[in-house]
Every structure is written in structure tokens, then in C-alpha cells.
Amino acid sequence: MKLHNISVTLLVVLTAILFLTAADCARADADAEPTERLEALMALDRPLVIAHRGYSMAAPENTLPAFRLALWAHSDLVELDYFHSSDGIPVVFHDRTLDRTTNSVELWGKEDVPIASKPYRALRELDAGTWFSEDFAGAHVPTLDEALDVIQSESITLIERKQGDAQTLFELLVEKNMLDDVVVQAFDWDFLADFHDLAPNVPLGALGPPRQADGSRYPRDERYLDTGFLDRLEAAGASVVGWNRQVTPESVKQAQDRGLPVWVYTINEPDEARRLLDMGVDGIITDNPAMLWKVLALREDSTE
Ligand code: G3P
Ligand code: CA
């Protein structure tokens, strides 16, 4: 058999193992109601696969196609970001301005337009797919309401608040009867404290490293997760730590000893995923959930 054929065969077999494993892990809860699903996820004895902005390596980030692909890939949770439009509607989007992931400059002839400066009816005219690929031309900027409907049908949403008050998110989740079925996260720990006051039972992820009180970044070597950060994020009501790769085996254990799972973002390289899994992290947030399933499947296989 030629080398090319062997590679293709191996790829097919690995992909099959990968998705069978993924399906087995995830399907245990496929028929469960969302609240049960969230409880089951939090109790799982394996690291969680969390799709970052949807399956954003395969489809334009923070769009409905990216969320559908994340479901197809059996992601345990699907992360998204949201801002408020100028008329107060939570809309799913990552950047403060529209340029990178929409055709706003082409459409309106203006650069650096903040998403928060436009009403949702204007944002709805934007194409949020073509920048990624013609295959996704016409994908729109979804409302948080729409995105929740898609994701919650099969998975759990990890809602990252970029901008907007706690009351509005609380009311939306109450109205949609989803308050007990999602995880909310933010870099702004004051927002988390506000949300915790409104909904003390909702799991909250404190993203870090946070900014200092004056808005500046911590010096590079002070950005590692440590007990000082853990004290503060617990005081804000967080029950999950969402950190970048600046974690250590000691800090992961310190968090876990307090009952705080550690989810690390944004990890797209298999070697880095393996390094963090060796450290014992509880979840990995990735643009490529299939990569992570493959890493997990191969680790599992090698223990037999
Ligand atoms: O889930 C954490 C991660 O999304 C935080 O960074 O910039 O991608 O929102 P960012
Ligand atoms: Ca995010």
C-alpha cells in the first residue's frame, strides 16, 4: 500500500475512534433535560471539551453555523461572547468593533465601528460569514436569544459576558427558563458578583488573569493563577476558574482542593493540550473540539 493510502486509512480509523469515543462520552446525556445535563457534566470523571466561540476552526466564530458544528462534534459546552447593541439587545460577538469578522467597512464605509453603537436591526444586515469563507456567506450576527436556542438543544452554553449589565442577562435567562442550565463567565469579576447576587445558584466562571484595579494588565510573571486570585474569585461567587495557560500543577490542585474546577483557554495545539491534561485541568476551551477528542481518545487508549 502506498504511504498516501496508509495515511488516509489511518486518518479514517482515527476519526472513527475519535467520534465513537466522543459519541459514547456525550450521548450518555443526550436525552437528559438541560439541568440534568449540566449536573452530569460537572460530575463527569474526565476533562470537558469546550468549543470556543463554537467550532471556530471550522466555521465563522460566534455564528449559528459554528454552534451547530460544535454540537455535531459533541462538545460538552459551547462558549460564546456577547455585547449589548445600542438598543440593549444582547448580541453574540467577540470584538469591540465590527471590522474583523463582518463586512461592516464594505457596507458602511467606516472603520472601527463599535458593536455597541448600532441598533440590532442594523447589525442584522451584516455578513458575519464571508470573512471566514464564501461557504458561510450570509451568516448573520446572532442574538444571544437565538444562540441559546441552538446550543441548549443539545449542549450547554458557556456564556461570556463582554459588555452589559447583570440584570439584563438574568432576565433573559429567566424568560427563557434557562437560568439553571448555563454557565456564565467574565473577566470582570464585579459583573460576576452582581450576577451572583441575582442568581446565587448559577455556576460562574471567573476568567483570568483579570485586569488590575486601574485597568492595566498585571506584569507578565504576576498573571499566574495563585491563592490570591483564588480568594478573590471565590469572594465574587465564582465556582469555576477559567484561566489561560498560566497555570501550574500546584495552582490547579489548590483550586481543585477548594472545589473549583479549572478550565483553560484557548488551546489548539495537541502538545499543549497534553501538557495541561497531565497537570490535571478539568476542561479545555478550544477552537477545535475534534483535536481535543482525539487527544483524549488516544490518552484513554494508551492506559489500557
Ligand atoms: O473562554 C475564555 C476565552 O474565550 C476568553 O478569551 O478573548 O477568546 O474571549 P476570548
Ligand atoms: Ca470568549
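This report walks through a calcium site, several salt bridges, a charged surface patch and a few backbone details of a predicted model.

## Reading the model

Because this is a predicted model, local features need pLDDT of at least 70 and side-chain atom pairs count only at pLDDT 80 or more, while totals for chains, interfaces and linings use all residues. Residues are numbered from 1 along each chain as its sequence is written, chains are lettered from A and ligands numbered from 1 in the order in which they are written, and side-chain values use heavy atoms, with hydrogens and water left out.

Helices (H or I, at least four residues) and strands (E, at least two) are DSSP runs, numbered from the N terminus. A residue is called buried under 20% relative accessible area, exposed over 50%, and partly exposed in between (1.4 Å probe, protein chains only).

## The calcium site

Which residues hold the calcium ion (ligand 2)? Its protein donors are Glu 79 (OE), Asp 81 (OD) and Glu 160 (OE), at 2.1 to 2.2 Å from the ion. Donors here are N, O and S atoms within 2.8 Å of the metal (3.2 Å for Na, K and Ca); water is not among the atoms, so sites may look incomplete.

Along the sequence, the donor residues follow the spacing E-x1-D-x78-E. Glu 79 sits in strand 2 (residues 77-84) and Glu 160 in strand 4 (residues 156-161), so this pair ties together parts that are 81 residues apart in sequence. Are these two residues, Glu 79 and Glu 160, buried or exposed? Both Glu 79 and Glu 160 are buried.

## Salt bridges

Side chains of opposite charge can pair when their charged atoms come close. A salt bridge is counted when a side-chain nitrogen of Lys or Arg is within 4 Å of a carboxyl oxygen of Asp or Glu. How many salt bridges does the structure hold? There are 19.

Two of the pairs involve helix 6 (residues 144-152). Glu 146 meets Arg 124 at 3.1 Å, N to O. Glu 146 lies in helix 6 and Arg 124 in the loop between helix 5 (120-123) and helix 6, so the pair ties together parts that are 22 residues apart in sequence. Arg 124 is partly exposed, at 37% relative accessible area. Asp 145 pairs with Lys 176, and their closest N and O atoms are 2.7 Å apart. Here Asp 145 belongs to helix 6 and Lys 176 to the loop between helix 7 and strand 5 (183-186), so parts 31 residues apart in sequence are tied together. Asp 145 is partly exposed at 27%, whereas Lys 176 counts as buried at 17%.

Another salt bridge joins Asp 278 and Arg 299, with closest N and O atoms 3.0 Å apart. This pair links distant parts of the chain, with Asp 278 in helix 11 (residues 270-279) and Arg 299 in helix 12 (residues 289-302), 21 residues apart. Asp 278 is exposed, at 59%, and Arg 299 is partly exposed, at 29%. Salt bridges that share partners also join Arg 53, Glu 61, Asp 81, Asp 95, Arg 100, Glu 160 and Lys 162 into one network. Asp 81 and Glu 160 of this network are also donors of the calcium ion.

## A negative patch

Asp 165, Glu 171, Glu 175, Asp 190, Asp 194 and Asp 197 form a negative surface patch. Such patches are made of residues with over 30% relative accessible area and no salt bridge, like charges being joined within 9 Å. Asp and Glu count as negative, and the place of a charge is taken as CG of Asp or CD of Glu.

Helix 7 (166-175) and helix 8 (189-198) each supply at least two residues of the patch. Helix 8 gives the most, with three. Asp 197 lies in helix 8 and is exposed, with a relative accessible area of 64%.

## Backbone details and a buried contact

The peptide bond from Gly 208 to Pro 209 is cis, with omega near 0°. Pro 209 is in the loop between strand 6 (204-208) and helix 9 (227-235).

Finally, look at Ile 151 in helix 6, which is buried at 0% relative accessibility. Ile 151 and Phe 67 are 84 residues apart in sequence, yet 6.4 Å apart in space, C-alpha to C-alpha.

Terms used:
Patch = residues over 30% accessible without salt bridge, like charges linked within 9 Å, V, L, I, M, F, W, Y side chains within 5 Å. Areas by Shrake-Rupley, 256 points an atom, 1.4 Å probe, with all protein chains shown as cover.
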